[in-house]
Structures are given as structure tokens and as C-alpha cells.
Amino acid sequence: MKTLTIPTFLKGEPPVLKKVLAGIGAGALLFGLTACGGGDGEGGADEGLVVGFAQVGAESAWRTANSTSVQDAAAADDRIAELKFVDAQQEQERQISAIRDFITQQVDVIVLAPVVETGWTDVLQEAEDAGIPVILADRGIEAADEDLYTTRLGSDFVAEGRSAGEWAVQTFADDADGTKILELQGTTGSAPANDRNAGFFEVLDAEGLNYELVDSQSGNFTAEEGKAVMETFITTHALDGIDLLYAHNDEMGLGAIQAIEEAGFKPGEDIQIIIVDGSKAGFQAGVDGKLNYIVECNPVFGEQLMDVVVQVANGDDVEKFTPVEEGVFDATQFEAELPNRQF
Ligand code: AHR
């Protein structure tokens, strides 16, 4: 694979210019500057930017809403010439190969929603060597690779976990026997799974809640796997005496609700349930009394992302992390909030 290295003297230049200059090589530099005019073969400053987006997949209503938001915003934005969209079907290898294709195609900016936190060093280094800036959308990557992307726009997953933990502490503070908890984690190794777990238990421990984590397994953010794991929980532990299910997203929570009902229990009553995301289906389950608390995760940031893409392509200073706005909802708010949900 061909990679293009940026000469040190270009390090301060805007990314689009760096990529052009890295691409044309030192020998043709003067000629190339006058010939190319700040872009590349596909989308220069005048024609609009070409953006490659390596999306996680289509595992949830959240994800579908996020893809739609980004695609609609790109289509409506005159500053964007083309969005090359790849659905990686929740596989890191597909995302890595999409990024390599974007590099070969010399896109202006790469947007990556990394399925997991680790394993990005080589491919992000290749993007940097080619002078193509990388923006993380939604999920983050491990701190060791922070220099290899320009900025992240997405949720503060630790804060989401803390919100879930605060509700659990308030709800079960007087539970003298100790609160028995089941956890349905998201995709193993993903930022939201790691951070929602960390934030939740950080608060429980800091607040001194008397609890027992009876079981914790991944349902991979899908309804099918969430349901299957919940069935295993029910077989292994029964549900008598279990107080709380903490599901890292709506789909897994909704799958679990089905499993709980099929086993003859009442979700939301026999076992209290927290979900994260806040889809229409999630809120409807809340209105139906089948779950108790919703921590919002907001996927509708396409327009904001396009602004960041343009800023980064222009070489403007941007924050390393920009969190999107999110709220929390208890049972008293579900009905009023349902009509406002966008996905
Ligand atoms: O990264 C965001 C998470 O990914 C959402 O909570 C989940 O629904 C999606 O799969």
C-alpha cells in the first residue's frame, strides 16, 4: 500500500494542503502548488470536501439514526462534495480496510466511529503519513493513540454510566439486604461498554451502595444477543431476588424485557431496568411500565460533525473532545418525552 509522508516543514499547514503536498512529492512541489489549488483529484477547497466515513454498523436504532443524521447533513451541506459511507458490520477489520481505501482514494477527511478502543495505531499512522486528518465520531479509542486523531465528537460515556449509577443509588439506598444487579454490557472492548461500566460502578462504590454484581455479560448492543444473554441469566440465577438490570443500550434492554416476560416475570416491577440511548421503542417500553430509567445517548449530530469536518480540513484549532448534549428521564417523564424522540 502506498503511503505519503509529510515533510517536517509542512507540519503546521492545514490538512488539505498537507495532503496535497505530501501527495505530489518534493520534486513536483512548486509545479503542484500552482496546478492543484488546495485540493486533490477528487474534492478540493473549491469543489467541496470528500469525506470517508467508516461507520460501526447497523446494530441498533441509535446507529441507524446516527448514519441517517450524518448522511443527510453531508447531502445538505454545500461544503461537502461527497460522503463515502462504509457500514463495517461491527467488524474492526472492515473499518481498517475502509480507512485504507479512503487513503488510496485521497479523501480530504476521514471520519471513524471505532467499533472497539484498541488496535488502531498502524492504520491511523498511515492516515497521518498521507496527510489525511481523522475525526472520531461517537466512540473513542485508547489514550495511547490520542495523537493520531484530531478531535472526537460524541457522547461522554463515563458520564452516562454515572447518571445510571446515581439513579441506582437513589433508588436502592434503603435496600438493607444489598442490591442484586445484572449487567448487560455493550460490545466487548468498545468505549461505551468500558465507560458505561466504569462510570456506573464508580458512583455505586463512591456512594457506598450495598450491592452485589450477580452477573455481567456482553450482549453486543443487539436485541437478539441481549435477549439470549438474559435467558442465560434467568436460567443460571433465576430472577427471584434480583433487583436491577443495567442494560448498556435500548436494544439489549428490549431483548431482555422479552426474555423476562417469556419467563413469566414483570419487567419494571419484579426487576427494575435501566437502559441507555432513549429510542422511541425504549420510551414506549417505559410508558408501558416495563422499564424504569433512561439515560439518553444522542446520535443526531450530523450537522455539528460537518462543521467539525470543515474546521479540521481548514486547519482550524478544534477541541480534542466535544460532547453532545444528553439528558436523563425517569418514569414521571416518559409519556411527555415520547413524542419528542427523533429515532
Ligand atoms: O456508541 C454508541 C452506542 O452504540 C449506542 O449506545 C448503541 O446503541 C450503539 O450500538
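Guide: The following conversation takes up strands, helices and single residues in turn. Please keep in mind that this is a predicted model.

Visitor: Let us begin with strands. How do strands E1 and E2 run relative to each other, parallel or antiparallel?

Guide: In general, the strands of a sheet pair through backbone hydrogen bonds, either parallel or antiparallel. Here, strand E1 (residues 49-55) and strand E2 (residues 80-87) run parallel and are joined by seven bridges. Within this pairing, Phe53 has Phe85 of E2 as its bridge partner.

Visitor: Which helix forms a β-α-β unit with E1 and E2?

Guide: That helix is H3 (residues 61-76), and the unit is right-handed.

Visitor: To which other strand is E1 joined by four bridges?

Guide: The strand is E3, which runs parallel to E1. Phe53 stands opposite Val111 in E3. The chain then crosses from E3 through helix H5 (residues 121-129) to E4, in a right-handed β-α-β crossover. E3 pairs with strand E4 (residues 134-137) over three bridges, again in the parallel sense, and Ile110 faces Val134 of E4 in this pairing.

Visitor: Where do the side chains of strand E3 point?

Guide: In strand E3 (residues 109-112), Val109 and Val111 point one way, while Ile110 and Leu112 point the other way. All four are buried.

Visitor: What is the strand order in the open sheet of six strands?

Guide: The order is E7-E6-E8-E9-E10-E12, and the pairing is mixed. E7 and E12 are the edge strands, each pairing on one side only. On average, neighbouring strands of this sheet are turned by 15° against each other, direction ignored. As one example of the pairing, strand E8 (residues 244-247) and E9 are parallel and share three bridges, with Leu245 opposite Ile273 of E9. Helix H9 packs on the sheet, where it touches strand E6 (179-185), E8 and E9, and its direction makes about 150° with that of E9.

Visitor: Let us turn to helices. How does one read the sides of a helix?

Guide: An α-helix has 3.6 residues a turn, so residues three or four places apart point the same way. In helix H10 (residues 280-287), the buried residues are Gly282, Phe283, Ala285 and Gly286. They cover an arc of only 155° around the axis, which puts them on the same side of H10.

Visitor: What do the buried residues of H10 pack against?

Guide: They pack against helix H9 (250-262), strand E9 (272-277), strand E10 (293-296), strand E12 (328-330) and helix H12 (334-337). H10 is followed by Gly289, which has a positive phi near 80°.

Visitor: At what angle do the axes of helices H6 and H7 cross?

Guide: The axes of helix H6 (residues 157-172) and helix H7 (residues 191-206) cross at roughly 35° and come within 7 Å. The crossing is right-handed. Among the residues that make the contact are Phe157, Gly161, Ala164 and Ala168 of H6, and Ala191, Asp195, Gly199 and Val203 of H7.

Visitor: Is Phe221 buried or exposed?

Guide: A residue is called buried under 20% relative accessible area. Phe221 has 3% relative accessibility, so it counts as buried.

Visitor: Which residues does Phe233 touch?

Guide: Phe233 lies in helix H8 (residues 223-237) and is buried, with a relative accessible area of 0%. Setting aside residues up to four places away in sequence, Phe233 touches Leu182, Glu183, Leu184, Asp215, Ser216, Gln217 and Ala238. Asp215 is 18 residues from Phe233 along the chain, and their C-alpha atoms are separated by 7.4 Å.

Visitor: How many residues apart in sequence are Phe301 and Val70?

Guide: They are 231 residues apart in sequence, and 7.1 Å apart in space from C-alpha to C-alpha. Phe301 lies in the loop between E10 and helix H11 (302-314) and is buried, with a relative accessible area of 2%. Beyond its neighbours within four places in sequence, its contacts include Trp62, Asn66, Ser69 and Val324.

Terms used
Residues are numbered from 1 along each chain as its sequence is written. This is a predicted model: local features need pLDDT of at least 70, side-chain atom pairs count only at pLDDT 80 or more; totals for chains, interfaces and linings use all residues. Side-chain values use heavy atoms; hydrogens and water are left out. Buried means under 20% relative accessible area, exposed over 50%, partly exposed in between (1.4 Å probe, protein chains only). Helices (H or I, at least four residues) and strands (E, at least two) are DSSP runs, numbered from the N terminus. The arc is that of the directions from the helix axis to the C-beta atoms. Contact means heavy atoms within 4.5 Å. Two strands pair if DSSP finds at least two bridges between them. A crossover is right-handed if, with the strands pointing away from the viewer, the path from the first strand over the helix to the second runs clockwise. Axes are lines fitted to C-alpha atoms, for helices over the stretch in contact, and angles run from 0 to 180 degrees between N-to-C directions. A crossing is left-handed if the near helix is turned anticlockwise from the far one by less than a right angle, and right-handed if clockwise.
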